[in-house]
Amino acid sequence: MRTYLDNNATTPPDPRVIEAMNLALTKHFGNPASASHIYGWEAEACVKIAREEVADLIGAKPNEIYFTSGATESINLALRGMSLPKKTILTTAIEHKATLDSIELLKRDSIDCRTIPTDRYGLVDLETLKNELKRGADLVSIIGAHNEVGTIQDISRITNLCTEFNATSHFDLTQAVGKMPLSMSEMGIKVASFSAHKLYGPKGVGALFISTDIQSQMSPLLVGGGHERGLRSGTLNVPGIVGLGAACKILKEEQHSVIKHTSELANSLFNKLNSAIPGLILNGHPTKRIPGNLNITLPEVNSNALLSKLASSVAISSTSACTSGSAAGSFVLKALGISQEAAKSTVRIGVGRFNTQAEINFAAEKISDVYHKLRA
Ligand code: PLP
């Protein structure tokens, strides 16, 4: 038996998503920009439906959705495409690399980028944020739900502060969409990035939400055919977009049961591991966390040794997929004040909607067994 418990790295596509994509690949293969025939019109109609499905899940209008190749591109477009005079950007040290590296590029263009501290759970220090906004800032970019430790920010309080001090808010919602109810309009979010492959859709497609009132402030990074209302040129990835739309439609209907299922399984796994492994620590916020995510420190065992013994049977990770190859370990845990020693004994587990209790029982037994063998 083997089980996949790395659903924060990516999720298996829902079979219904694959079915919808299959139709887009075979029957609706036209170029949605082809205005002169029915193949183009049909493909365009598929994209229109998908745009509505995506908007519906996140409480936005269809014309506020821009399709991209994934969250990395959306984040780059959000941060680097926001036209000047956005001179000051506030962010945290625990963002995804897509944000941190975009910020590094902006610094080269003399944009003032300041880091807002987070507490040991990864929650943004709202007092410092307020003070920095008072000093003057144009854009605030925050990871809404954390890919490693799972912590969910108090998004509405952050957007309220941004509104008070006239700053634009961008949230990396890659790990939030489909895992918690969201409404861009009610939460006052101005810009948000996310990706299909984290919500049981395909890889290589994502979206950027841009609130209608600030769309004119954005400039494209990719120019060419003027697709996506001039903000993202390139022939649309119709099967991917259809897959993203289908994934969003499914989650609009089933989100609550998915949240319940993944939370219950993650709790069950945590309880089993906690009783088998003395001194286990759960990192990230104890309650404000995305369902299914567990970031745990297993005392006095090297997580890489543990992972390599589990690799063929239980798929878990030590950090985000993008940094899992790096010898430096998790910069996020370091930023949260977790000691290097504890960080080296930490694993990330991501339970998904297709996991079963039998898999959780199997994983708990395997992880505990390997842990105790390594300690012996
Ligand atoms: N932001 C977060 C929080 C993520 O977890 C990821 C994926 O690992 C990304 C951004 C990048 O997403 P994508 O793989 O779609 O480029």
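**Helix faces, aromatic rings and enclosed space**

Reader: Which residues are buried in helix α5 (residues 126-135)?

Author: This is a predicted model, where local features need pLDDT of at least 70 and side-chain atom pairs pLDDT 80 or more, while totals for chains, interfaces and linings use all residues. Residues are numbered from 1 along each chain as its sequence is written, and side-chain values use heavy atoms, without hydrogens and water. Helices (H or I, at least four residues) and strands (E, at least two) are DSSP runs numbered from the N terminus, and buried means under 20% relative accessible area, exposed over 50%, partly exposed in between (1.4 Å probe, protein chains only). By that cut-off, the buried residues of α5 are L126, L129, E132 and L133.

Reader: How many aromatic pairs does the count come to?

Author: Rings of Phe, Tyr and Trp (its six-membered ring) pair if their centres lie within 6.5 Å; planes under 30 degrees apart count as stacked, over 60 as edge-to-face and the rest as tilted. By this rule, the number of aromatic pairs is two.

Reader: What class does the pair of Y200 and F354 fall in?

Author: Y200 and F354 have ring centres 5.5 Å apart and planes at 85°, so the pair is edge-to-face. Y200 lies in the loop between β7 (191-195) and β8 (206-210), and F354 in the loop between β12 (346-350) and α12 (357-375), so parts 154 residues apart in sequence are tied together. Y200 is buried at 9% relative accessible area, whereas F354 is partly exposed at 39%. With planes at 85°, the class is edge-to-face.

Reader: The charged end of which residue sits over the ring of Y66?

Author: A charge sits over a ring if NZ of Lys or CZ of Arg is within 6 Å of the ring centre and within 35 degrees of the ring normal. K97 lies over the face of F331, at 5.0 Å from the ring centre. Over the ring of Y66, 4.1 Å from its centre, is the charged end of R229.

Reader: What is the phi of R229?

Author: Most residues other than glycine have a negative phi. R229 is found in the loop between β8 and α8 and is partly exposed at 44% relative accessibility. R229 is not a glycine, yet its phi is positive, at about 50°.

Reader: What is the volume of the largest cavity?

Author: On a 1 Å grid over the protein atoms alone, a cavity is a set of points where a 1.4 Å probe fits but cannot get out. Grid points are joined across faces, edges and corners, and a volume is the space filled by probe spheres set on the points. Two cavities of 30 Å³ or more are counted. The largest has a volume of about 120 Å³.

Reader: Which helix gives the largest share of the lining of the largest cavity?

Author: Lining residues have an atom within 4 Å of a point. There are 18 of them for the largest cavity, with K179, Y200, T262, P291 and V351 nearest its centre. The largest share of that lining, four residues, comes from residues 238-276, helix α8.

Reader: How far apart in space are E228 and T68, C-alpha to C-alpha?

Author: E228 is placed in the loop between β8 and α8 and is buried, with a relative accessible area of 6%. E228 and T68 are 160 residues apart in sequence, and their C-alpha atoms are separated by 9.1 Å.

Key
On a 1 Å grid over the protein atoms alone, a cavity is a set of points where a 1.4 Å probe fits but cannot get out, and a pocket is an open set with protein on both sides within 12 Å along at least five of seven lines; lining residues have an atom within 4 Å of a point.
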